[in-house]
Amino acid sequence: MKKNETEAAKAANYPEEDLSRLSRLLRLEKVSSGYEGTNVLSDVSLYVDKGEFVSIVGSNGAGKSTLLRTISGTVRPRSGEVRFEGRPIVGRDPADVVRECRISHVPEGRLLFPRMTVYQNLMLGAFTTRNKKRKEERLAYVMELFPRLAERSRQSAGTMSGGEQQMCAIARGLMLEPRLLMLDEPSLGVQPNIVARIYETLEKINKQEGIAVLLVEQDIHHSLRMADRAYVMQTGRIAAEGRGAELLESELVRKAYLGL
Ligand SMILES: Nc1ncnc2c1ncn2[C@@H]1O[C@H](COP(=O)(O)OP(=O)(O)OP(=O)(O)O)[C@@H](O)[C@H]1O
Ligand SMILES: [Mg+2]
């Protein structure tokens, strides 16, 4: 939504709730999506506001990764709307979405280039800028966030531990200077003390830089506690939404995920 459209809506005395919808960073409206022959997401509606930390939890196969792929445009929805700052992004080239909206997707399984060095992987994350000085400054910033990467910048990414690789994938995502950082199960295959460090860093990025975070996790304790708001996904649908800590106490989460 362009600024003047929001202004026009204000002038037309739209209800307050509609106005806040117009200014949302990311909004999905009744999105259905999937792969050839299978429907995975059904009527998914959700939003992320500027600077918000939003978590999505759900068990295996719930459609969490498909959701992130649908936002970044590698999976195209069958119906529904995906809007970034009010502008529709469905059907746009995923590379343009990255470039123009600065939505960074840290994918499940990290997908680093294993034979390339940490430095080279990180530099690829900054592909949207040619400004060398800016890239170097950004590199210094991510290395400060993850000092382990500075120590290992010449090591090939594939020879690092699971936790180090995850740090590298997140740092590569941050090289873009994202407005929205989407992370798909950063705790997967990472030892618990490193997971805690990664989460601390995510909170820092969100609070200090104001980067909105959309975190997909099976590890519901951590992710719900950290989140401003959260959604629970079950078989491709949003089964519940609310403040993270509230959801952790909810009947649905206690029964379905905590076995209580
Ligand atoms: N590339 C694909 N082609 C066809 N079906 C797929 C593809 N990727 C995922 N699916 C199917 O879509 C459904 C949802 O998968 P998805 O990976 O989005 O779930 P998830 O919530 O991320 O699960 P997990 O917690 O295991 O990562 C599953 O039934 C899966 O088999
Ligand atoms: Mg997944």
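Predicted model: local features only at pLDDT ≥ 70, side-chain atom pairs only at ≥ 80, totals over all residues.
## Around helix α4

Let's start at one end of a helix. Where α4 (residues 94–101) begins, D93 points a side-chain oxygen to within 2.9 Å of the backbone nitrogen of A95.

## The magnesium ion

Now for the metal. Ligand 2 is a magnesium ion, and its protein donors are S65, through OG, and E108, through OE, at 2.0 to 2.2 Å. S65 belongs to helix α3 (residues 64–72), while E108 sits in the loop between β6 (103–106) and α5 (118–124), so this pair ties together parts of the protein that are 43 residues apart in sequence.

E108 has a relative accessible area of 32%, which makes E108 partly exposed.

## Ligand 1 and its shell

Ligand 1 has 14 residues around it, and the ones that come nearest are N60, K64, S65, T66 and E108. The element that gives the most to this shell is α3, with four residues. Sorted by class, the shell has seven polar, four charged and three nonpolar residues.

Some of the contacts can be picked out one by one. N60 has a polar side-chain atom 2.8 Å from an oxygen atom of ligand 1, and Q218 does likewise with a polar side-chain atom at 3.0 Å from an oxygen atom of the ligand. A62 uses its backbone instead: an N or O atom there lies 3.1 Å from an oxygen atom of ligand 1. How much of ligand 1 does the protein cover? On its own, ligand 1 has 630 Å² of accessible area, and the protein covers 60% of that.

## The antiparallel sheet

Next come the strands. Strands of a sheet pair through backbone hydrogen bonds, and they can do so in a parallel or an antiparallel way. Here, four strands make an open sheet with antiparallel pairing, in the order β2-β1-β4-β5. Its edge strands are β2 (38–48) and β5 (87–88), each of which pairs on one side only. Strand β4 (residues 79–84) meets β5 in the antiparallel sense over two bridges, and F84 stands opposite R87 of β5.

Strand β1 (residues 26–35) holds R27. With a relative accessibility of 13%, R27 counts as buried. The side chain of R27 is also joined to that of E29 by a polar contact of 3.1 Å.

The last stop is β7 (residues 180–184), a mostly covered strand in which five of its five residues are buried. Which residues cover each face? On one side there are L180, M182 and D184, on the other L181 and L183, and all of them are buried.

β7 has parallel partners to look at too. Four bridges join it to β6, and the two strands run parallel; H105 stands opposite M182 of β7. Strand β8 (residues 212–217) also pairs with β7 in the parallel sense, over five bridges. There, D184 has V216 of β8 as its bridge partner.

Notes:
Residues numbered from 1 in each chain as written. Chains lettered and ligands numbered in written order. Heavy atoms only, no water. Donors = N, O, S within 2.8 Å, 3.2 Å for Na, K, Ca; no water. Buried < 20%, exposed > 50% of the residue type's maximum accessible area, 1.4 Å probe, protein only. Near = heavy atom within 4 Å. Polar contact = N/O pair within 3.5 Å; in protein donor to acceptor, adjacent residues only side chain to side chain. Areas by Shrake-Rupley, 256 points an atom, 1.4 Å probe, with all protein chains shown as cover. Nonpolar A, V, L, I, M, F, W, Y, C, P; charged D, E, K, R; others polar. Pairing = 2+ DSSP bridges.
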